[in-house]
Amino acid sequence: MFFGQLVIAGLLTGSVYSMIGVGFTLVLGVGKIANFAHGSFVGVGLYFALFMWQKAGLNPYEALVPGLLAFILIGWAVAELFEWRGRKIGEIGELLVGLALLLTIGGLLEVLYTDNPRSFEAPSLGGVSVFGATVPWTEIIAAIFTLALAAATYFFVRLSRWGRAMRAVAENATAAGLYGVRAPITQRAAVTASIAIAGVSGMFIAPFTVMTPDAGTSYLISAFAVVIIGGIGRTMGAVAAGLAIGVVEALTGGYLSSVWTTLAPLLVILGFLLVRPEAGVAK
Amino acid sequence: MKHRRSLAGLAAVGAIVLAACASGGGGASTGGNAGTGGGAAAGGSTSGTITLGEVTDFTGVASTYGVPENQGAQIAADEINAAGGIKSLGGAKLQIQKFDTQSNPDQGVTQATAAVAAKIAAVFGGEISDTVLGGTNVTQRAGIPWIDTGGVADEVHKRGYSTVFQGIEDNTQEAESYHAFIGFAAKQLGIADPTVAISYSQASYGQEFLQAWQAANVNPTYKVVSSFGYPLTTTDFSSVAARMASSNADILFNMGYPADGLELTQEFSAKYHTSAKLWLASGANYVAVVSQLGAKSNGTIMGYVPAPGMPGLPAGFTQAYQEYKKKFNTDPNSQSWSGYTAVYFLAAALEKAKSTAGPALTAALKQVTLTHGHGNPYPVPAVLKFGQDNTLVEAPGYYTQVQNGASVLVYPSIADAAKLLPYAG
Amino acid sequence: MKALANSRYVGLGVLAVFFVVAWFVVGGLDASAVSIAVLALYYGAAGTSFNFLYGSIGVFSLAQPVFLAVGGYTGVYLYLTYGISPWLSIPISCAVAGLIALPIGLASLRRPGAVMTALVTLIIAEAAGPVVSAIKPLGGSIGLYLTLRSSDDLGAMQFGSGVAFARIFLIVNVILIAGLMWFNRSRAGYWARALRDSPEAADACGVPVFRVKLWIFVASAMIAAPVGLIYAQYNLLVNTDLFLGTTTLFEVIVVALVGGVARSWGTLVGALAIVEISQNVTSATSSRPGYGPLTFACIFLVIALLMPRGLSGTWAAWWERRRRSPDQAGGIAAVGAPQHAAERMATQTPVPDMTAHSQRSE
């Protein structure tokens with residue numbers, strides 16, 4: 001029973017990691033930008049959902065369409081910013097922009113909402129009993145969204161023309177350009193998409209997450225972990241890695257003594273890297 | 001030649017930037033027109049102001065403590081000034097100058113140094129123990145008293161710095177208080193041979209608190225069936241809650257930060273059902289829990305503060321409370337009263353010492369008391385006073401339980417305290 | 001060649017002038033300005049150790065705070081347990097940091113691409129906190145504390161005023177910058193640069209690529225340890241929060257990036273600027289929560305957009321443009337080549353796009 005509860009909890013937490021990781025691996029692998037602010041956009045999504053609930057009475061699912069549009073716009077603006085200052089100047093430029101965005105968004109959220117942890121539950125869908133614990137429907141929906149997102153991304157990249165263009169650009173931008181693929185647009189689209197995904201992810205997890213303005217940093221670190229194991233640019237790898245990390249965390253938290261609760265997931269990651277040194281190669 | 005010239009320019013730039021540090025640093029320290037030490041004794045300036053430095057976190061994660069603390073301190077200063085200021089120093093008015101440590105241990109020394117440089121008479125504040133531990137080195141050297149209003153590490157006063165005063169209960173006192181409460185609760189609810197499951201935050205706060213609690217439980221009154229820590233950065237408490245629930249203990253006890261208690265309460269009410277009769281979320285902020293979870297948090301026990309309607313409220317409490325609400329549009333919390341009492345302590349010390357000199361104030365702080373109507377907002381204890389080891393002889397400790405979506409006092413059993421109900425999560 | 005030797009001495013000369021001027025300036029500052037100066041000089045030195053690694057071989061290592069912590073813990077622990085003076089502990093802490101850096105370097109440097117290295121070092125930095133907390137003799141998460149001496153004690157590295165610490169950090173910074181200048185002109189420095197620009201070519205020329213990377217990684221760790229040791233002495237305490245909190249990590253990166261890698265003095269200037277700005281912003285906005293971080297972030301954003309190469313990168317670019325314009329006629333900009341080779345490489349060849357590893361890593 002207890003073990004089952006832990007595994008379910010781990011899978012649900014893991015799907016949140018996967019969700020964030022899919023977006024991050026996209027911006028890193030195809031957009032070719034290490035966007036330090038990726039986690040912050042998840043935070044923006046969280047607070048956007050809170051805002052829509054408090055001011056407009058819309059729960060996150062109802063606010064999804066306006067949210068998606070808003071995040072696509074924001075994503076495009078940020079992609080332009082990175083393009084202008086990052087790509088041409090060099091990687092210091094893009095790291096600086098990413099860091100600046102991380103700090104700015106965190107500061108903005110702190111001003112608007114202060115550091116008090118917030119939460120809200122909408123819609124109240126109740127839950128389903130599994131292994132003696134009640135699993136809220138909102139969490140299950142978020143997990144389903146993750147899988148749908150990953151599947152959509154995977155098939156898009158694999159099968160559609162745009163997707164193949166993205167893969168070509170990811171492998172060798174210059175060569176792709178010679179074949180008529182417009183690399184800059186493709187990369188910009190990838191950055192935009194990743195931010196849109198991040199924002200929408202934040203909205204999906206809002207009903208069951210306690211939010212603070214510094215959420216951006218902790219989500220960033222989770223995103224890093226997922227990408228290390230899953231591989232840069234690998235969508236399915238991100239999903240598997242996120243779920244694995246979630247389950248390991250839950251199991252160690254459930255059974256082991258305090259010291260190991262933090263260490264175990266990190267050791268797993270390190271161990272994984274040592275065993276598979278070619279990990280992280282873009283697909 | 002050009003090379004040399006521009007590189008010499010670099011040297012100039014570097015020196016200028018450092019000099020800018022001087023003016024910038026100077027900028028940070030202006031505004032404190034305090035009565036300087038010693039001279040203000042006899043007679044003193046007629047319409048002077050005395051500046052107190054508040055070194056605490058106004059931004060960052062700990063600002064949820066620091067900002068209310070400042071608000072409470074402000075109310076105290078307003079009351080004292082309205083009553084005529086520090087009479088023994090010619091009616092000098094109190095003024096509070098803020099030094100923001102930004103929830104960053106790096107800033108403890110820096111802000112304490114700025115405060116001392118601004119010639120404040122005394123320091124109070126500090127939410128994070130590390131900040132207080134770093135900054136008190138500076139004030140101890142300068143001979144200036146510091147009343148710690150938030151850092152609970154025993155180390156703060158155990159280091160033996162004579163100028164450091166523990167203005168709220170420290171880890172040991174808090175642990176003993178919880179110990180006493182659990183004993184009371186077990187008897188009330190008829191639990192024989194109580195078993196306890198403990199989860200604690202692996203930060204220094206959680207670990208120290210656990211140690212102190214175990215020390216208080218030295219003749220084991222409760223059997224600890226499960227005790228485990230979780231990382232400070234935990235945001236998802238599912239496994240913590242599952243583990244606590246599966247332990248089948250009578251009593252669930254969490255030693256963590258406010259967000260931890262809030263989340264665990266949510267988990268227990270929505271996901272993991274427990275047979276425990278008592279759920280203690282120490283460290284949780286009852287205002288946030290009630291406002292965000294309402295009736296779902298029924299049965300949760302948390303630390304409490306004096307609130308309207310509580311039996312035995314002292315004179316002056318209601319007025320201070322209303323002033324606070326009017327000025328800041330929100331309820332005061334534990335840190336608000338912590339700041340409030342700190343300012344009253346310092347005012348009393350200034351009155352007694354008739355001076356703003358550090359050593360005189362430090363000596364006076366050991367002698368003054370706060371009574372009902374004169375700076376003590378708590379029904380119990382009746383008198384607040386610092387003991388020999390610079391901690392409060394008796395520290396206030398209240399417990400609330402959420403019943404029907406509202407907080408009610410359940411301990412200490414002052415007349416009219418509500419009856420304790422078993423947890424039904 | 002005479003031009004080359006000339007510029008080397010000029011650079012050191014300027015550094016010496018700066019050192020003397022700064023020495024006296026900090027002596028004249030008031031106490032609160034001194035504490036800000038200490039913070040700035042600390043981050044300058046810590047950031048320089050990061051920059052050494054990043055500027056010379058392009059390795060973006062987020063594990064530097066770990067080595068700062070090693071220095072801090074070594075100094076305090078040895079003093080509390082064996083009474084060893086912190087001054088003597090400095091070389092010991094270098095050795096300990098170097099030893100710990102070896103396995104970390106081995107684990108993180110054999111990665112396909114700079115991004116993976118960065119991620120791995122971040123994970124290691126995250127793991128360091130819990131690991132250290134688990135080691136009981138190091139005080140757990142509570143840490144170790146030094147007791148205050150009543151008066152200045154040189155042997156115990158305790159001083160009543162921050163001026164002494166500011167000067168110590170100043171010395172450290174100057175040594176590091178001078179060392180970096182020397183390194184850039186040394187053979188190892190040229191190997192490092194060749195390696196950064198094109199590992200395959202360097203390898204083909206006989207440069208032992210991995211070994212150079214590893215040794216520079218270890219060296220940067222050994223540089224960081226004393227910086228951490230001194231900072232712990234300044235605070236009279238050491239714990240995981242002080243060195244391994246997220247704030248420190250970000251601060252080190254921020255000052256290094258803002259300062260830029262084009263010049264060895266970049267990080268120091270970046271640190272002075274950033275700490276100065278953030279302190280002023282904080283004291284100006286302390287009445288309202290959140291405004292301080294937001295204002296600082298906006299200023300930082302502006303810097304990031306206007307000077308994406310960092311302060312020293314922008315300086316180098318400006319200097320390069322200025323130097324070249326009068327020589328355009330004869331196209332003999334190459335005349336300046338020997339003495340400016342180092343600077344020119346740094347400015348003309350932007351540090352390779354971290355993400356452009358696709359060509360060589362797959």
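Tutor: Let's start at Gly143(B), which sits in the loop between α4 (129-142) and β4 (146-148) of chain B. Helices (H or I, at least four residues) and strands (E, at least two) are DSSP runs, numbered from the N terminus. Residues are counted from 1 along each chain as its sequence is written, with chains lettered from A and ligands numbered from 1 in the order in which they are written. This is a predicted model, where local features need pLDDT of at least 70 and side-chain atom pairs count only at pLDDT 80 or more, while totals for chains, interfaces and linings use all residues.

Gly143(B) counts as partly exposed because it has 16 C-beta neighbours inside 10 Å. On that scale, 20 or more others within 10 Å make a residue buried, 12 or fewer make it exposed, and partly exposed lies in between, with C-beta atoms placed from the backbone. Leaving out residues up to four places away in sequence, Gly143(B) touches Thr163(B), Gly358(B) and Pro359(B); contact here means C-beta atoms, placed from the backbone, within 7 Å. Lys187(B) is another matter: 44 residues along the chain from Gly143(B), it has its C-alpha atom 48 Å away.

Now zoom out to the domains. Chain B splits into domain 1 (49-169 + 313-385) and domain 2 (172-308 + 398-411), with bounds that come from an automatic or database domain assignment. Taken over C-alpha atoms, the two centres are 29 Å apart. Where they meet, domain 1 of chain B puts in 17 residues and domain 2 of chain B puts in 14 residues. On the domain 1 side, the elements giving two or more residues are α11 (317-328) and α12 (334-353) of chain B, and α11(B) gives the most, with three residues.

Next, some strands. β1(B) runs parallel to β2 (residues 93-100) of chain B, joined by eight bridges; for strands to pair, DSSP has to find at least two bridges between them. Thr51(B), for instance, has Gln95(B) in β2(B) as its bridge partner. To get from β1(B) to β2(B), the chain passes through helix α2 (residues 63-82) of chain B in a right-handed β-α-β crossover, meaning a path that runs clockwise from the first strand over the helix to the second when the strands point away from the viewer. β1(B) also pairs with β3 (residues 122-125) of chain B, again in the parallel sense, over three bridges. There, Leu52(B) is bridged to Ala122(B).

Leu52(B) leads us into the nonpolar packing. Val343(B) touches Leu52(B), along with Ala73(B), Ala76(B), Ala77(B) and Leu94(B), not counting residues up to four places away in sequence. Val343(B), Leu346(B) and Ile228(A) touch the most other members of the largest nonpolar core, which holds 342 residues. Such a core is a set of buried Ala, Val, Leu, Ile, Met, Phe, Trp, Tyr and Cys residues joined through C-beta atoms within 7 Å.

Methods
Two residues are in contact if their C-beta atoms, placed from the backbone, lie within 7 Å.
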